[in-house]
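The entries follow the order in which I looked things up.

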Amino acid sequence: MDKLIIRGGKQLKGEVSISGAKNAALPIMTSSILASGENTITRIPDLMDVRTMGRLLSNMGARYSYNQGIVEIDTSSINKFEAPYELVKTMRASVLVLCPLVARFGRAKVSLPGGCAIGARPINLHLMGLEKMGAKIRLESGYVIAKANRLKGASIYLDTVTVTGTENLMMAAVLAKGTTILENAAREPEVIDLANCLISMGARIKGAGESVIEIEGVDELKPLKNYAIIPDRIETGTFMSIAGITGGDLILKDCRPEHLDAAMMKLKDTGVIFKETKRGLRVIGPQNLIAKDVKTIPYPGFPTDMQAQFMAMMTIAKGTSVIKETIFENRFMHVAELKRMGADISIDGGTATVKGVEKLKGAPVMATDLRASASLIVAALRAEGETTIHRIYHLDRGYEKMDEKLKKLGADIERVKG
Ligand code: EPZ
């Protein structure tokens with residue numbers, strides 16, 4: 001297993017280009033199932049999760065290729081309607097093939113994703129909505145088996161705001177007979193990007209990005225042609241945290257700051273400075289960060305996917321920061337590792353209290369999940385001495401060439417193949 005060795009204390013400077021959004025790439029790749037023919041999608045980041053999704057689609061009989069950000073998926077040859085446990089257990093987002101398969105082929109056999117490091121991650125709302133649209137669903141040996149003649153439009157209230165739940169049901173509804181209303185829908189930019197992609201295929205969708213989405217089903221969709229996905233707002237926020245903690249001066253290119261309003265306002269409160277320039281968004285870290293409280297809530301609130309990176313910044317801020325995680329029940333796995341580096345953090349249920357310390361010291365630490373690995377990088381770039389981050393396959397799932405990008409910004413970082 002690869003590891004990263006980082007010697008902290010450098011102020012990072014320079015330009016970095018933000019890659020396409022992982023959480024837009026995955027649902028948009030599965031949307032290709034909805035139309036028969038050759039789909040082309042661009043700005044797709046070279047990530048482990050994207051390769052896993054490519055394997056999943058190929059496993060179904062689609063012809064898949066990836067070349068420098070361009071994905072081509074010929075779905076006319078799909079002849080298997082399954083997502084096997086071996087693939088789903090490594091990537092929960094595989095569940096996003098469920099509704100497109102039922103919508104186009106009337107059947108699907110998808111492994112239940114099971115939990116992950118950050119929580120139980122149930123999909124009951126995905127299944128509830130699909131049943132309301134007329135699918136017959138049964139669970140058998142850890143698999144969801146779904147069948148439907150033709151799905152029919154329905155009014156569906158989502159008890160909890162769910163991003164992939166909203167995305168899955170939107171993809172079920174676009175080929176259903178009649179109109180579907182999704183209430184309490186997720187409002188993330190990735191949901192809007194998927195809706196725009198489906199509309200470019202001929203779907204009729206109103207209200208994406210709002211809490212109520214209306215989808216009028218059509219009989220057929222046409223394949224995606226050169227659809228470019230949005231940039232990754234969480235990678236953008238991660239580099240903002242890196243500028244903040246290292247007192248750096250970065251230009252973030254090809255990003256969409258408007259997708260990160262809540263996070264940017266919070267970072268500004270801690271002393272981080274933002275300037276729009278012709279070359280991109282300039283982010284300047286202050287001499288000293290000011291401790292601020294934060295609570296993660298669904299978009300447009302402060303993103304749960306930025307909680308770990310923000311916490312790393314707060315470990316050396318002036319004052320005490322109270323961080324409330326309200327989305328996932330176990331998203332503090334990075335705390336124990338940050339404490340190994342000298343952070344002063346205590347946890348009470350979903351609340352972490354971070355008392356700023358003078359300095360962090362490098363140590364061997366272990367990545368436990370995707371954003372925890374990002375958090376450890378943020379901390380290691382500030383820590384005195386050497387930090388070794390083990391199990392960085394977690395990082396490689398969701399960040400494209402992160403160590404190479406950091407090296408170009410002046411970080412003392414090396415990847416050791418393990
Ligand atoms: C998406 O996960 C993202 N993944 C996650 O990003 C992100 O953290 C999360 O949304 C929240 O923003 C992708 O888009 C591929 P949810 P998702 O369904 O859709 C509960 C990352 O780091 N829930 O919005 O799986 C659930 O338990 C990853 O890139 C149900 O109870 O998350 C959680 O408490 C991590 N029943 C809450 O909703 C359901 O049927 C939000 O989960 C579905 C969800």
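Before reading any pairing, I note that two strands count as paired if DSSP finds at least two bridges between them. I also keep in mind that this is a predicted model.

Entry one, the sheet. I looked up which strands belong together and found an open sheet of four strands, in the order S2-S15-S17-S16, with mixed pairing. The edges are strand S2 (13–17) and strand S16 (273–277), each of which pairs on one side only. From one strand to the next, the twist averages 20 degrees. I then followed S2 to S15 and noted that the two pair in the parallel sense, over five bridges. Within this part of the sheet, I found Ser17 standing opposite Lys253 in S15.

Entry two, the helix on the sheet. I asked which strands helix H8 lies across. I noted that H8, residues 233–246, lies across S2, S15, S16 and S17, and that the helix runs at about 170 degrees to S15.

My search of the whole structure gave 23 salt bridges, and I examined some of them one by one.

I began with Arg282, which forms a salt bridge with Asp249, the closest N and O atoms being 2.6 Å apart. Arg282 lies in strand S17 (residues 280–284) and Asp249 in strand S15 (residues 249–253), so this pair ties together parts that are 33 residues apart in sequence. Arg282 has a relative accessibility of 27% and therefore counts as partly exposed.

Next I looked at Arg415 and Asp396, whose side chains meet in a salt bridge at 2.8 Å, N to O. This pair links distant parts of the chain, with Arg415 in strand S24 (residues 412–416) and Asp396 in helix H13 (residues 393–398), 19 residues apart. Is Asp396 buried or exposed? I found Asp396 buried, because its relative accessible area is 17%, under the 20% cut-off, whereas Arg415, at 23%, counts as partly exposed. I also noted that salt bridges with shared partners join Asp2, Asp396, Asp403, Arg415 and Lys417 into one network.

Last, I turned to Arg150 and Asp219, whose side chains meet in a salt bridge at 3.1 Å, N to O. Here the pair links two loops, Arg150 being between strand S9 (143–147) and strand S10 (155–157) and Asp219 between strand S13 (212–216) and strand S14 (227–228), 69 residues apart. Arg150 is partly exposed, with a relative accessible area of 37%, while Asp219 is exposed at 68%.

Methods
Residues numbered from 1 in each chain as written. Predicted model: local features only at pLDDT ≥ 70, side-chain atom pairs only at ≥ 80, totals over all residues. Heavy atoms only, no water. Salt bridge = Lys/Arg side-chain N within 4 Å of Asp/Glu carboxyl O. Buried < 20%, exposed > 50% of the residue type's maximum accessible area, 1.4 Å probe, protein only. Axes fitted to C-alpha atoms, helices over the stretch in contact; angles between N-to-C directions. Contact = heavy atoms within 4.5 Å.
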